[in-house]
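Please keep the sequence and the structure in view while reading.

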Amino acid sequence: MHYLLRSDIIVSLILKIKNMALTGTLTKGMVINFNNEPYIVIEKEFYAPAKGASFQRTKLKSIKFGKVVSHTFKSFEKVEELDVETKTMQFLYSDDSDAYFMDAVTFDQIAVPLDQIPNRTDFLHIDGKYILLIYEGRAISVQLPLKMTMRVIETGDGVKGNTATNATKEAILESGVKVQVPLFIKNGDKISINTESGTYYSKEN
Amino acid sequence: MKTWELLRNNPSLFDRYFVKEYLIKASRNFFEKRGYHELESPILASALPQERYLDVLATNLTFTDGRQKKAYLIPSTETYNKKILAAGIGNHFVISKVFRGLEDIGPNHSPEFTMMEWYDLNSTYLNLMNDCEKLVNEMHDYLCLKQNTHKTESITYNGKNIDLTPSWYRITVSEVLKKYANIELKDIQTLDKIEKVATQKGYQIEKNDDWETIFELIFLNEVEPNLPQEKPLFLYDYPKILCPLTKTSQSNPLVCEKVELYIAGREIANGYTELRDWKEQERRFKEEQNARKTLNKDEIRFDNDLINALKAGIPPVAGMGLGIDRLAMIFADAKNISDINYFPATELFE
């Protein structure tokens, strides 16, 4: 049994109270104060040089100006985490510039510029519920789950006798997105999609 | 979809996965022609070199009489290379799986990966650079041959062209520090001085940050992203404090004979003119062992056998380690380490 708490755990607990985070705990979508401006973390990768302490390579996007910067933090650096509200909202539709979401309780609508939706907007499907990040009253990001389940609305039979070389076919999903799927997938099947790579992951039962 | 299912559905993708296999075959041909022996290293070890920040992967071996022994998955083969050098094997190379107990599995990181190391007797880091240039070019030739493509002088990675023709860029660390971070290496020789420079630049420096960490912080933010990428690049003559077990440069006492190879802005290989002084090695290991205690890291069994091998004596030698997975990613134009391995860690531990 360990009766002593590890010092880094104690530090994390203290920081939690002060709304500070250790850079090692940064995650995509977290909003931090960087050079006195709010930035959203869009990428984070752990890096340990052969010798020396570990680091966190990040890409940060300025919420006010939209510009993306790269910065490498030490793993145990402290950064201020800014208060971000999360709201589950229903996707209504999108036009050339924005995606529109609705609060299912108050019917309030909110527009999110398409370039602020990471991954791919063509995975949004009407009436689907998504988590929006709201900072100072503005929607700054929409979180797509890494895997999403969608119904196949149209797919062909696949070309028989050609399975050795090209055993996939195109399928159109309910959001309108097209993906390559294995030949055994039929109209009406539910499949799960990796939203980061935009590829077929598995068939759901 | 698992990788095996993906390949079953789309066999043309195999080409990407064969790259690693071809690189390994080309390396064996390269060293065979030069009369090198191949060492098979243990990957399960009873002791490891002491290194303060190393996160080890350990397990317990249980014997039939009930005794238990700690066993570690090796982070590098280096100690075995040195012991076999003491035995007198001469020039040799090793291709082995090595392990890191990392916190994250990412596009460039996997807890296990393939490392190649080679040791060249009566040689220096300057030779390592020449050999590395030849080796990577031979790998490229072999790949073109196996994949039935015309030999080209450049490859494309992530939309950018990389010219592989010798000779590659060779730049010292003090040159890039000056150029991209506006720092003179001689002005940051103590912890106080580097701390002051970093604080002025706006970095968050804490009491327990050591020189190496602060240097790396500046390097990663200001130097590395700006390194030229049109050709592979050897960065050499590292500050002495970063490589205590490397021979000090004859021309500049502030630096040691260490080289790192960068391709497409990524660290691919690193090499040293090895220090052979057993007393210095033992002193350094003890220092690192104590640092591990202070940092609350798991205790690692001390490798006395390595000290004994160094005491017996190893010949003057330069050694280089090259990350096969990273190089395969570049040749396969793959963004993710899982795109070149049949059974990537992301899939196994998802």
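In this predicted model, A:Glu43 counts as partly exposed because 15 other C-beta atoms lie within 10 Å of its own, a number that falls between the limit of 12 or fewer for an exposed residue and that of 20 or more for a buried one. A:Glu43 belongs to strand S3 of chain A, and, once its neighbours within four places in sequence are left aside, its contacts are with A:Lys28, A:Thr58 and A:Lys59. As for its relation to A:Ala139, 96 residues separate A:Glu43 from that residue in sequence, while the distance in space, from C-alpha to C-alpha, is 19 Å.

Turning to the chain as a whole, chain A holds 1 helix and 16 strands, and of its 205 residues 25% count as buried. Among the contacts in chain A between residues at least 6 apart in sequence, 46% join residues that are at least 24 apart.

The confidence of the prediction deserves a separate reading. Chain A has a mean pLDDT of 80, with 83% of its residues at 70 or more; among its elements, the lowest mean, 58, belongs to helix H1 (residues 7–17) of chain A, and the highest, 91, to S5(A). Where pLDDT is low, predicted coordinates should not be read in detail.

The domain assignment divides chain A as follows.

| Domain of chain A | Residues |
|---|---|
| domain 1 | 7–81 |
| domain 2 | 85–143 |
| domain 3 | 147–203 |

Between domain 2 and domain 3 of chain A, the contact involves 6 residues of domain 2 and 10 residues of domain 3. On the side of domain 2 of chain A that touches domain 3 of chain A, the residues comprise 2 nonpolar, 2 polar and 2 charged.

Which strands of chain A each supply at least two residues of the side that touches chain B? The contact between the chains takes 24 residues from chain A and 25 residues from chain B, and on the side of chain A the strands in question are S3 (37–47), S5 (68–74) and S16 (199–203). Of the elements, S5(A) gives the most to this side, with 4 residues, and S5(A) is also the element of chain A with the highest mean pLDDT. By class, the side of chain A that touches chain B consists of 10 nonpolar, 9 polar and 5 charged residues.

Definitions and conventions
Residues are numbered from 1 along each chain as its sequence is written. Chains are lettered from A and ligands numbered from 1 in the order in which they are written. This is a predicted model: local features need pLDDT of at least 70, side-chain atom pairs count only at pLDDT 80 or more; totals for chains, interfaces and linings use all residues. Two residues are in contact if their C-beta atoms, placed from the backbone, lie within 7 Å. Ala, Val, Leu, Ile, Met, Phe, Trp, Tyr, Cys and Pro count as nonpolar, Asp, Glu, Lys and Arg as charged, and the others, Gly among them, as polar. Domain bounds come from an automatic or database domain assignment. pLDDT is the predictor's confidence in each residue, from 0 to 100.
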